[in-house]
Amino acid sequence: MAIAAKGTRPMPGESTRNRIVIFAMNLASREGLESLSIGDLAKELNMSKSGLFAHFGSKEELQLATIEAAEKVFGHAVIEPAFESPEGLPRLRACLENYVRYLEDCVFPGGCFFSAAAAEYDDRPGRIRDRIAVSMRKWSEMLLEQAKAARMQDQLKPDVDEDQLIFELKAYTHEANFNRRLLDDGTALGQALKAIQSRLDDVGSRTGRAALRR
């Protein structure tokens with residue numbers, strides 16, 4: 001299923017289910033997953049409530065489908081292009097820089113879909129929270145995988161803790177998203193990019209720094 005995110009309305013010719021989740025993703029990124037309502041979406045998309053209900057069956061199923069679709073958008077925008085870079089520190093940097101560009105390009109009109117969803121559901125046990133956590137863990141594990149690949153290729157200094165490194169790098173991107181969206185700080189994304197590069201230079205061995213310069 002092809003998924004797009006930019007814009008508030010789906011393009012003509014999209015499948016009905018795809019049209020619904022595109023609209024739902026954009027709405028949820030601005031107003032939260034809890035804002036999704038089968039009745040309201042049916043009205044906005046000029047569908048019958050029963051017609052939309054036939055695709056999802058419940059608000060929870062609609063929310064879960066929206067999260068899954070948002071994960072695909074994130075993957076297309078951030079992760080897939082990073083795999084054009086060599087494994088290890090170059091790919092780790094590419095993932096993080098792509099994330100910052102994803103914020104800059106407003107792939108979702110409300111900023112980072114998953115940061116917003118995590119804040120909305122972090123204290124609400126249930127299937128929605130669990131599904132958001134799966135997406136967040138996938139991102140963390142993928143970054144850690146590249147840090148471990150860097151270790152295997154002698155790209156990291158001996159005393160570097162890979163888990164701590166990833167924690168710090170993710171903190172830069174989360175702070176950039178928060179400062180840009182809530183504080184309207186136009187310098188936040190540039191500061192995040194500088195911080196990422198500086199930290200990778202600091203932890204990189206001679207081999208790692210050479211790999212980053214290629």
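Mentor: F178, L182 and L183 make a nonpolar patch of about 320 Å². Patches take residues with over 30% relative accessible area and no salt bridge (a Lys or Arg side-chain nitrogen within 4 Å of an Asp or Glu carboxyl oxygen). Nonpolar side chains (Val, Leu, Ile, Met, Phe, Trp, Tyr) are joined within 5 Å. Areas come from the Shrake-Rupley method with a 1.4 Å probe, and for residues only the protein chains shown count as cover.

This is a predicted model: local features need pLDDT of at least 70, side-chain atom pairs need 80 or more, and totals for chains, interfaces and linings use all residues. Residues are numbered from 1 along each chain as its sequence is written, and side-chain values use heavy atoms, without hydrogens or water.

L182 sits in the loop between α8 and α9. L182 is exposed, at 60% relative accessible area; exposed means over 50%, buried under 20%, and partly exposed in between.

Now the helix. α8 covers residues 162–181, 20 residues in total. Helices here are DSSP runs (H or I, at least four residues), numbered from the N terminus. From first C-alpha to last, α8 reaches 29 Å, close to the expected 28 Å. That expected span is 1.5 Å times one less than the number of residues.

D161 caps the N-terminal end of α8. One of its side-chain oxygens lies 2.9 Å from the backbone nitrogen of D163.

Look inward next. Buried residues of α8 include L165, I166, L169 and A176. E162, K170, T173, N177 and N179 are buried too. The buried residues of α8 pack against α5, α6, α7 and α9, with contact meaning heavy atoms within 4.5 Å.

How values were computed: Helices (H or I, at least four residues) and strands (E, at least two) are DSSP runs, numbered from the N terminus. Buried means under 20% relative accessible area, exposed over 50%, partly exposed in between (1.4 Å probe, protein chains only). A polar contact is a pair of N or O atoms within 3.5 Å; within protein, one must be able to donate a hydrogen and the other to accept it, and residues adjacent in sequence count only if both atoms are side-chain atoms. Patches are made of residues with over 30% relative accessible area and no salt bridge: like charges are joined within 9 Å, nonpolar side chains (Val, Leu, Ile, Met, Phe, Trp, Tyr) within 5 Å.
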